[in-house]
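Here is a short walk through one protein chain. Keep the sequence and the 3D view at hand.

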Amino acid sequence: MTENAPVQPVERRRWWPHRYLDESMPQGRDTPDAWLCRLDDGAHAFGIPDDSDGYGPKAIAEGEIIEFSACDTLGSALLTFDADGEPIWQPEIPAHVDHLWDGGDIISDSPVEFAEQVKDCIGAGFAEDEERTLAMLSRWPGDALRFRFTALDGAPRFLPLDPIPEPPGDIISAPADPQLDLLTPES
């Protein structure tokens, strides 16, 4: 496969070294190149300088292959339940959404599973008060992508070895709900 130019920033897309993906992760960066840094001895590295949470700089050699993953923030949707406990999404969740998060403990890869988890958390009190929650929506476009590090003939950079996913579509927004403390997706 032919290597392309370095990845350019895409609005609402963040990148992580694939090895950093876990329940607790550092904040994503605009491009894989944004993870590059230097060690005290001047060697090229990637990671977070002065980090003590396991994301500190790791030396990287010319031609080394590193996997990165990207996440596209797609907006938000309001989940309410009718008196029978059936979920109602406003707006409807687009098919390309594969990650929903309530800003706390509920994380899911499908709207149906997310609604079930919320329902389990709030119990059966649907007739008295209409329950609602805000879901942040995102897309993790596929598997980890391979990048080759180079510092030859220019600035240090990661060159993609795999096709880069297309940018996300339009962002969707939940209707305003004064009863919720609205979260805003990471910009």
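Start at a loop. Proline 91 lies in the loop between E6 and E7. The peptide bond that leads from glutamine 90 into proline 91 is cis, with omega near -15°. Keep in mind that this is a predicted model.

Now step back to the whole chain. Its secondary structure comes to one helix and 11 strands. Read from the N terminus, the elements run β-β-β-β-β-β-β-β-α-β-β-β. Of the 187 residues in the chain, 39% are buried. Contacts also tell how the chain folds back on itself. Among those between residues at least 6 apart in sequence, 63% join residues at least 24 apart.

Turn to the helix. H1 covers residues 111-122, which is 12 residues. From its first C-alpha to its last, H1 reaches 16 Å, close to the 16 Å expected at 1.5 Å a residue. Which residues of H1 are buried? They are Phe114, Ala115 and Val118. Seen down the axis of H1, the buried residues fall within an arc of 95°, so they line one face of the helix. An α-helix has 3.6 residues a turn, so residues three or four places apart point the same way. On the other side of H1, Val112 and Asp120 are exposed. What do the buried residues of H1 pack against? Their partners are strands E5 (65-81), E6 (87-90), E7 (99-101), E8 (107-108) and E9 (132-139).

Strands of a sheet pair through backbone hydrogen bonds, either parallel or antiparallel. E2 and E3 (residues 44-46) pair over three bridges. Cysteine 37 stands opposite alanine 45 in E3. Past E3, in the loop between E3 and E4, is aspartate 50. Its phi is near 60°, a positive value in a residue other than glycine. Is aspartate 50 buried or exposed? With a relative accessible area of 83%, aspartate 50 is exposed.

Another antiparallel pairing joins E10 and E11, over four bridges. These two strands form a hairpin with six residues between them. In the turn, aspartate 153 has a positive phi of about 55°. Phenylalanine 147 has proline 160 in E11 as its bridge partner. Both faces of E11 are covered. Arg157 and Leu159 are buried on one side, Phe158 and Pro160 on the other. In a regular strand the side chains alternate between the two faces of the sheet.

Now follow the rings. The chain has nine aromatic pairs. Tryptophan 15 and phenylalanine 147 form one that is edge-to-face, at 5.7 Å centre to centre with 85° between the planes. This pair links distant parts of the chain. Tryptophan 15 is in strand E1 (residues 13-17) and phenylalanine 147 in strand E10 (residues 145-150), 132 residues apart. Why does tryptophan 15 count as buried? Its relative accessibility is 1%, and the cut-off for buried is under 20%. Phenylalanine 147 also counts as buried, at 0% relative accessibility.

Phenylalanine 46 and phenylalanine 158 make another pair. Their ring centres are 6.4 Å apart and their planes lie at 85°, so the pair is edge-to-face. This pair also links distant parts of the chain: phenylalanine 46 is in strand E3 and phenylalanine 158 in strand E11 (residues 157-160), 112 residues apart. Both phenylalanine 46 and phenylalanine 158 are buried. Which residues form one aromatic cluster? Trp15, Phe46, Phe68, Phe147, Phe149 and Phe158 do.

Two local details remain. The charged end of arginine 29 sits over the ring of tryptophan 35, 4.2 Å from its centre. Arginine 12 lies in the segment before E1. Arginine 12 has a positive phi of about 70°, although it is not a glycine.

Terms used. Residues are numbered from 1 along each chain as its sequence is written. This is a predicted model: local features need pLDDT of at least 70, side-chain atom pairs count only at pLDDT 80 or more; totals for chains, interfaces and linings use all residues. Side-chain values use heavy atoms; hydrogens and water are left out. The expected span of a helix is 1.5 Å times one less than its number of residues. Buried means under 20% relative accessible area, exposed over 50%, partly exposed in between (1.4 Å probe, protein chains only). The arc is that of the directions from the helix axis to the C-beta atoms. Contact means heavy atoms within 4.5 Å. Two strands pair if DSSP finds at least two bridges between them. Rings of Phe, Tyr and Trp (its six-membered ring) pair if their centres lie within 6.5 Å; planes under 30 degrees apart count as stacked, over 60 as edge-to-face and the rest as tilted. A charge sits over a ring if NZ of Lys or CZ of Arg is within 6 Å of the ring centre and within 35 degrees of the ring normal.
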